[in-house]
Amino acid sequence: MSDSVTVDPPPMSLLVKKYQQLQDVVADIAATSAADVDDVQVAELVRVNERVVRALAFQGLKRLQEVNDRGLFRKAGQSTLHRFVMSELRVTRGDASSRLKALDAAGELLSMQGEALPPKCPAAAQALASTGSV
């Protein structure tokens, strides 16, 4: 009889679960026909979709802020956050720059000493945090 050790994987964080659920909801929406949706509802769905896209874009900035604060771009083999964004998110240089400019304006970045710095544009940061859109 051999002694074996069973190691349980670490529990999945709530945030990771929420993102998995989000992927499932988006896939479900994509698979659902709009054939029975009237014109007024289609117009409203476009507006709702835009609000959701903006809110998710802000969440993406928050995740990028965490990547920056934790130095994860270096662990991923990239010398800068900009290169990380281009490589990992597979976006153009311009798109990466736009995202990082938004993060710089609305994010709460850390100083070289690790202290939290207030956003450069507090009104934009507040609007994004509360509604997901400016």
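Mentor: Helices (H or I, at least four residues) and strands (E, at least two) are DSSP runs that are numbered from the N terminus. This is a predicted model, in which local features need pLDDT of at least 70 and side-chain atom pairs count only at pLDDT 80 or more, while totals for chains, interfaces and linings use all residues. Residues are numbered from 1 along each chain as its sequence is written, and side-chain values use heavy atoms, with hydrogens and water left out.

Trainee: OK, at what angle do α4 and α5 pack?

Mentor: Helix α4, residues 81-89, packs against helix α5, residues 93-106, at an angle of about 125°, and their axes are 9 Å apart. The two helices are therefore oblique to each other, given that angles under 35 degrees count as roughly parallel, over 145 as roughly antiparallel, 65 to 115 as roughly perpendicular and the rest as oblique.

Trainee: And is that crossing left-handed or right-handed?

Mentor: α4 passes α5 in a right-handed crossing; a crossing is called left-handed if the near helix is turned anticlockwise from the far one by less than a right angle, and right-handed if clockwise.

Trainee: Which residues of α4 and α5 make the contact?

Mentor: From α4 there are L81, H82, V85, M86 and L89, and from α5 there are R93, A96, S97, R99, L100 and L103, where contact means heavy atoms within 4.5 Å. They divide into seven nonpolar, two polar and two charged residues. In that scheme Ala, Val, Leu, Ile, Met, Phe, Trp, Tyr, Cys and Pro count as nonpolar, Asp, Glu, Lys and Arg as charged, and the others, Gly among them, as polar.

Trainee: V85 is on that list, so is V85 buried or exposed?

Mentor: V85, which is found in helix α4, counts as buried because its relative accessibility is 0%. Buried means under 20% relative accessible area, exposed means over 50%, and partly exposed lies in between, with a 1.4 Å probe and protein chains only. Leaving aside neighbours within four places in sequence, V85 is in contact with L64, R90, V91, A96, R99 and L100.

Trainee: What about R90, where is that one found?

Mentor: R90 is found in the loop between α4 and α5 and, at 76% relative accessibility, counts as exposed. Its phi is near 55°, a positive value in a residue other than glycine.

Trainee: Switching to α2, how far apart are the axes of α2 and α4?

Mentor: The axes of α2 and α4 are 11 Å apart, and the two helices pack at an angle of about 125°, which makes α2 oblique to α4. Their crossing is right-handed. L64, V67 and N68 of α2 meet L81, F84, V85 and L89 of α4 in this contact, and these residues divide into six nonpolar, one polar and no charged.

Trainee: What does Q65 touch?

Mentor: Q65 is found in helix α2, which covers residues 39-70, and counts as buried at 15% relative accessibility. Not counting residues up to four places away in sequence, Q65 touches L103, G107, E108 and L109.

Trainee: And Q78, buried or exposed?

Mentor: Q78 counts as buried, at 19% relative accessibility, although its place is in the loop between α3 (72-75) and α4. With residues up to four places away in sequence not counted, Q78 touches F73, R83, F84 and S87.

Trainee: Let's zoom out: how many helices and strands does the protein have?

Mentor: The protein has six helices and zero strands.

Trainee: What is the radius of gyration of the protein?

Mentor: The protein has 20 Å, whereas a compact globule of 134 residues would have a radius of gyration near 14 Å; the value is taken over C-alpha atoms, and the globule rule is 2.2 Å times the number of residues to the power 0.38. The C-alpha trace spans about 65 × 55 × 30 Å along its principal axes. Of the 134 residues, 19% count as buried.

Key: Axes fitted to C-alpha atoms, helices over the stretch in contact; angles between N-to-C directions.
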